[in-house]
Amino acid sequence: MRAYVMTAYGNVQDVVRLLDLPDPVPGADEVVCDIKAAALNPIDQKTIAGDLKQVIRYDLPHTIGFDASGTVRAVGSNVTAFRPGDEVFVRASRETIGTFAERIALPQSFFARKPAALTHVEAASLPLVGLTTVQGLVDRARAKAGQRILIHAGSGGVGTFAIQYAKALGLHVTTTTSSRNAEFVRTLGADTVIAYDKEDYLTQPGDYDIVFDTLGGAFTLDAFKVARRGGSVVSIVGPPDRQFADQVGANPLIRLVMWFMARRVFAASRETGVAYYRFLTESDGAQLAGIARLVDEGRIKPVIDRVFPFEGLPAAFAHLGTGRAKGKVVLSMT
Ligand SMILES: NC(=O)c1ccc[n+]([C@@H]2O[C@H](COP(=O)([O-])OP(=O)(O)OC[C@H]3O[C@@H](n4cnc5c(N)ncnc54)[C@H](OP(=O)(O)O)[C@@H]3O)[C@@H](O)[C@H]2O)c1
């Protein structure tokens, strides 16, 4: 099969190659999927650049890519939930990345059935951003109907999903984006839109129960200025919290470095009485099935910025790397 691999850590254009690799064979608990579409995520670029070396070290060359949608080709002897021919979507784990390929073998527990009404391109756009949102808003912040949430970068891959998901949970959603995208995020359900090129969100009335920090840098610390006492800052880019250190099995030295990186955020959290969460997303087929139900009910619609052919991965990365994507960037194999 053809598969993209990173041959070293560096720029996509320099280190990513399309190779012929042996077809995967399913382990007892695994499903082999013929991939029809695979979505890009900023973490792919960070992985290839070597930014995650403290979290996971890959034996190079290594396949790349987290998100996929496709058809089950073969299943292992213990697999009962899926059969060849089933249409599925999936997020690979950090250890098993490799969806920028014609095929992949992954544990059955990572998969869910593709929402019937979606194309493979649409379904492939959902797993990583969907699981990130569920694991941030529900598993960490315990979001409840009636609460107020600020979602940064509402027009991005995570933001376009998170706005719709928060509305499905019954939250009041405020989001930031450029004025170019203000009307677009309103169509996704945002109640209040703050155009960052015209207004400063820090001067707007806040008192948010949850701030979903998808931007990092100064945005993480500033989140504590607009969250209410007893609320939560959920970050997917900010400095690591203690649970993050557990999640990546950090040794005592790395834990000390992580604490040093996060010390101002921890202080802000203590002073304001606002909880701080920073986590890495995990693969979860059951949560993915829950996302598929929301899609089937018409409460979440995939937002596709641009589709590239399989051979166009370098161009797709260049496009994602502009930081201006409006929804998801997806590779189509057909
Ligand atoms: N669990 C995890 O650890 C986890 C999981 C998923 C993602 N992430 C991280 O989360 C970040 C966001 O991911 P993504 O997929 O949503 O990225 P993305 O799709 O590349 O985000 C692009 C969007 O960001 C918006 N944006 C840029 N600067 C902004 C600003 N100052 N204020 C408001 N909006 C702004 C842009 O809107 P305009 O063009 O209008 O500026 C654009 O629509 C990435 O760093 C990613 O690695 C982490």
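Biologist: What are the helix and strand percentages over residues 10-331, and how far apart are the end C-alpha atoms?

Modeller: Helices (H or I, at least four residues) and strands (E, at least two) are DSSP runs, numbered from the N terminus. Here residues 10-331 are 33% helix and 25% strand, with end C-alpha atoms 21 Å apart. This is a predicted model, where local features need pLDDT of at least 70 and side-chain atom pairs pLDDT 80 or more, while totals for chains, interfaces and linings use all residues. Numbering runs from 1 along each chain as its sequence is written, and side-chain values use heavy atoms, leaving out hydrogens and water.

Biologist: Which residues come nearest to the ligand?

Modeller: A residue is near a molecule if one of its heavy atoms lies within 4 Å of it. Of the 27 residues around this ligand, Lys46, Ser178, Arg180, Tyr196 and Ala325 come nearest.

Biologist: How much of the ligand does the protein bury?

Modeller: Accessible areas come from the Shrake-Rupley method with a 1.4 Å probe. Alone, the ligand exposes 940 Å², and the protein buries 88% of that.

Biologist: Which elements give two or more residues to the shell?

Modeller: Those are helix H2 (42-49), helix H4 (127-140), helix H5 (157-169) and strand E10 (172-177).
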